[in-house]
Amino acid sequence: MTTPSGELSFMHRALELARGGQGLVEPNPLVGCVIVRDGQVVAEGWHAQFGGPHAEIEALRAAGEAARGATMFVTLEPCCHHGKTPPCTEAILAAGVSRVVVAMRDPFPQVAGSGLKALAARGVEVELGLGEDQARQLNAPYLKLIQTGRPWVIAKWAMTLDGKIATRGGYSRWISGESARQIVHHLRGRVDAIMVGRRTAELDDPLLTARPEGDAPARVATRIVIDSQARLASFSQLVRTARQVPTIIAAGPDAEEQELRRLADAGCEVLPFVPPSHAERLLQLLDELGRRRMTNVLVEGGGQLLGSLLDARQIDEVHAFIAPQLFGGHEAPGPVGGAGVEQIADSLKLTGVHINAIGTDLYVSGRVAH
């Protein structure tokens, strides 16, 4: 019989394992599993790839006969429906697991408590809530998608010590150093989409692809340009590579038909949105991305786009790189525009803040406390 602190350590290990699927399993949740018998870990597993075996199945395969009479620690309620894979509850019952400790209930409509009930109905001892807060933090993007229909929005920018993201002439390469840019490539490699405004796309002419060092797996993110007039130049890298990497142009109601056709003919997917206001169109775009089951969206600027998202309270996470440089100038842009807040009490505050020195830059990251 394990002690409560020992049980929590098993759940913490399951949560650690679950992180191995980040960027690879979405829109599925991150799930880890540890099987324990007589106080000893006999098997571990995690959901490693979308469409692949779930964490429980991987752990049960590794445990074999040792799973009979054992306790399973799993970060999310086991599924009880046929999806890409068979129900995990059936595998747990067949393996003879006697007790299942679950961090949190799965809000997915086809599960939502039914997995726990299916196990309990067949005599399995079920416990819920150990490590729940950590499990919710781990799967916050998945929970937002399920509960709101919109993706988790990650804001990223690099700025000088005096808060500028470009010089007064619009030059921004490179504010941050190579170490900071590698972190950005890692971020790009785990999201479903990377979004920028047309002005940023014109000035920086980025590829917006993930190019991490080594053999780190990278998700191929859809590139999105907020371009109300559909004027992004055909010679831009984004348009020229649109047939190789999915590229969406989010246009407004005043975009000319010939411009929409030009971009579509180049391989871009053109999405014209009808509402007259930029803010309404942006929310409609997030709704559309949610319908496509995109879980994480990285927004890399510019200031107008990030400001609109801040005003709409749609930023969930922030990654900011601060370089020891000074640009100065009233006309040099800052990272977040928009209307902004009037009172300090209305500001978006970060929680779980991490501050690290990356080369010569300062890296600040955290989640928005909604």
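## Exercises on strands, salt bridges and a cavity

Val 102 stands opposite Leu 128 in β5. The chain crosses from β4 through helix α4 (residues 114–121) to β5 in a right-handed β-α-β crossover. Right-handed here means that, with the strands pointing away from the viewer, the path from the first strand over the helix to the second runs clockwise. Helices (H or I, at least four residues) and strands (E, at least two) are DSSP runs, numbered from the N terminus.

Before you start: this is a predicted model, where local features need pLDDT of at least 70 and side-chain atom pairs count only at pLDDT 80 or more, while totals for chains, interfaces and linings use all residues. Residues are numbered from 1 along each chain as its sequence is written, and side-chain values use heavy atoms, with hydrogens and water left out.

**Exercise 1.** In which sense do β4 and β5 pair, and over how many bridges?

*Solution.* Take β4 as residues 99–102 and β5 as residues 125–128. Strands count as paired if DSSP finds at least two bridges between them. These two pair in the parallel sense, over 4 bridges.

**Exercise 2.** Which side chains does Arg 13 meet in salt bridges?

*Solution.* Start with the criterion: a side-chain nitrogen of Lys or Arg within 4 Å of a carboxyl oxygen of Asp or Glu. Glu 16 meets Arg 13 at 3.3 Å, N to O; both lie in helix α1 (residues 4–18), 3 residues apart, about one turn of the helix. Next comes Glu 44, at 2.9 Å from Arg 13, N to O. Arg 13 lies in α1 and Glu 44 in strand β2 (residues 40–46), so this pair ties together parts that are 31 residues apart in sequence.

**Exercise 3.** Are Asp 316 and Lys 144 buried or exposed?

*Solution.* Buried means under 20% relative accessible area, exposed over 50%, and partly exposed in between (1.4 Å probe, protein chains only). Both Asp 316 and Lys 144 are buried. They form a salt bridge, with the closest N and O atoms 2.6 Å apart.

**Exercise 4.** Which element gives the most to the lining of the largest cavity?

*Solution.* On a 1 Å grid over the protein atoms alone, a cavity is a set of points where a 1.4 Å probe fits but cannot get out, and lining residues have an atom within 4 Å of a point. The lining includes Ile 226, Phe 273 and His 278. Two elements, β9 (247–251) and α11 (278–291), each supply at least two residues. The answer is α11, with 4 residues.

Terms used
1 Å grid on protein atoms, 1.4 Å probe; cavity = no way out; pocket = protein on both sides within 12 Å on 5 of 7 lines; lining within 4 Å.
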